[in-house]
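This report goes through one protein chain, from single residues to the whole. Please look at the sequence and the structure before reading on.

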Amino acid sequence: MESQFGIANVWIQGDFVTRAVATMLLAMSLASWIVILLKTLDLIRFKKQARAAQDFWHSEDFAAGLTRLGTDPHNPFLQLAREGREATAHHRNTQAHLHDQLDMSDWVTRCLRNCIDAFTARLQSGLAILASVGSTAPFIGLFGTVWGIYHALLSIGTSGQSTIDKVAGPIGEALIMTALGLAVAIPAVLGYNALVRGNKSILGSLNSFAHDLHAYFVTGARVSAAGAPGKVLLMKKGS
């Protein structure tokens, strides 16, 4: 009876190495899709928070602005606002105890930058998995193909039958491993590129918000908005 192509046949007729390669590709695929799903959900949440952060500057005071940002402890915009407030309070409360007074602008900039760097590291977590899967999965699949073809040729040589109907089945099943490698790698690469673009958008909004916060804590007013040069948005100081 002629062999039928299929992943099931590859698993049934394959040896330990072939099954190990197939299992590895399956695990890599699951890991990739889990990362893509979780990071996509994070990006959707962060984009909503970025839109909500635009209303921060329409608040009557700083405390009201924090309320507009919500209560999610993982909200990077809320974390940034709190970090800036704490940095400003720390600078004012420790001026009398330092031999050399620190520059207010530099101190706030450093604290805000540290907060953004920590969020950037959290935002980019998991992308290394997608990059690794996208770059290695095709070669793992190719290794499975080479291994499968090698054993298929050994079987054909042992049986002494090399007709097309005897060769096509084993060789075709071995080539499925290459297709599996590509099927695992392509979503990982596309997901990686999409997530990188999404991360850049979020970080751009966060850096813009940090720039406005810096101006607010140092000068007491937000920098001029786009389309309104020379204007600032005043906000009362609040706890």
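C115 is buried, with a relative accessible area of 15%; buried means under 20% relative accessible area, exposed over 50%, and partly exposed in between (1.4 Å probe, protein chains only). The sulfur of C115 has that of C111 as its nearest cysteine sulfur, 9.5 Å away, and C115 is in no disulfide. A disulfide is a pair of cysteine sulfur atoms within 2.5 Å. C111 is buried too, at 10% relative accessible area. A search of the whole structure finds zero disulfides.

The model is predicted: local features need pLDDT of at least 70, side-chain atom pairs count only at pLDDT 80 or more, and totals for chains, interfaces and linings use all residues. Residues are numbered from 1 along each chain as its sequence is written, and side-chain values use heavy atoms, with hydrogens and water left out.

## The chain as a whole

The chain has seven helices and two strands. Helices (H or I, at least four residues) and strands (E, at least two) are DSSP runs, numbered from the N terminus. Read from the N terminus, the order of elements is α-α-α-α-α-α-α-β-β.

Of the 239 residues, 36% count as buried. The accessible surface comes to about 13900 Å², and 63% of it belongs to carbon and sulfur atoms; these areas come from the Shrake-Rupley method with a 1.4 Å probe, and for residues only the protein chains shown count as cover. Among contacts with a separation of 6 or more, 72% are between residues 24 or more positions apart, where contact means heavy atoms within 4.5 Å.

## Helix 2 against helix 5

Two packed helices are described by the angle between their axes and the distance between the axes. The axes of helix 2 and helix 5 (residues 104-123) come within 12 Å and cross at roughly 140 degrees. Axes are lines fitted to C-alpha atoms, for helices over the stretch in contact, and angles run from 0 to 180 degrees between N-to-C directions.

On the helix 2 side, K39, L43 and F46 meet F119, R122 and L123 of helix 5. By class, this contact has four nonpolar, no polar and two charged residues. Ala, Val, Leu, Ile, Met, Phe, Trp, Tyr, Cys and Pro count as nonpolar, Asp, Glu, Lys and Arg as charged, and the others, Gly among them, as polar.

## Salt bridges

A salt bridge is a side-chain nitrogen of Lys or Arg within 4 Å of a carboxyl oxygen of Asp or Glu, and the count comes to three. D42 pairs with R45, the closest N and O atoms being 3.1 Å apart. These two residues are three apart in helix 2, so about one helical turn separates them. R45 also meets D72 in a salt bridge (3.7 Å, N to O). That pair links distant parts of the chain, 27 residues apart, with D72 in the loop between helix 3 and helix 4 and R45 in helix 2.

The remaining pair is D117 with R113, at 3.9 Å between the closest N and O atoms. Both lie in helix 5, four residues apart.

A50 is found in helix 2 (residues 16-53) and is buried, at 11% relative accessible area. Leaving aside neighbours within four places in sequence, A50 is in contact with F77 and S205. The C-alpha atoms of A50 and L203 are separated by 9.8 Å, although the two residues are 153 apart along the chain.

N75 is in the loop between helix 3 (62-68) and helix 4 (76-94). N75 is buried, with a relative accessible area of 2%.
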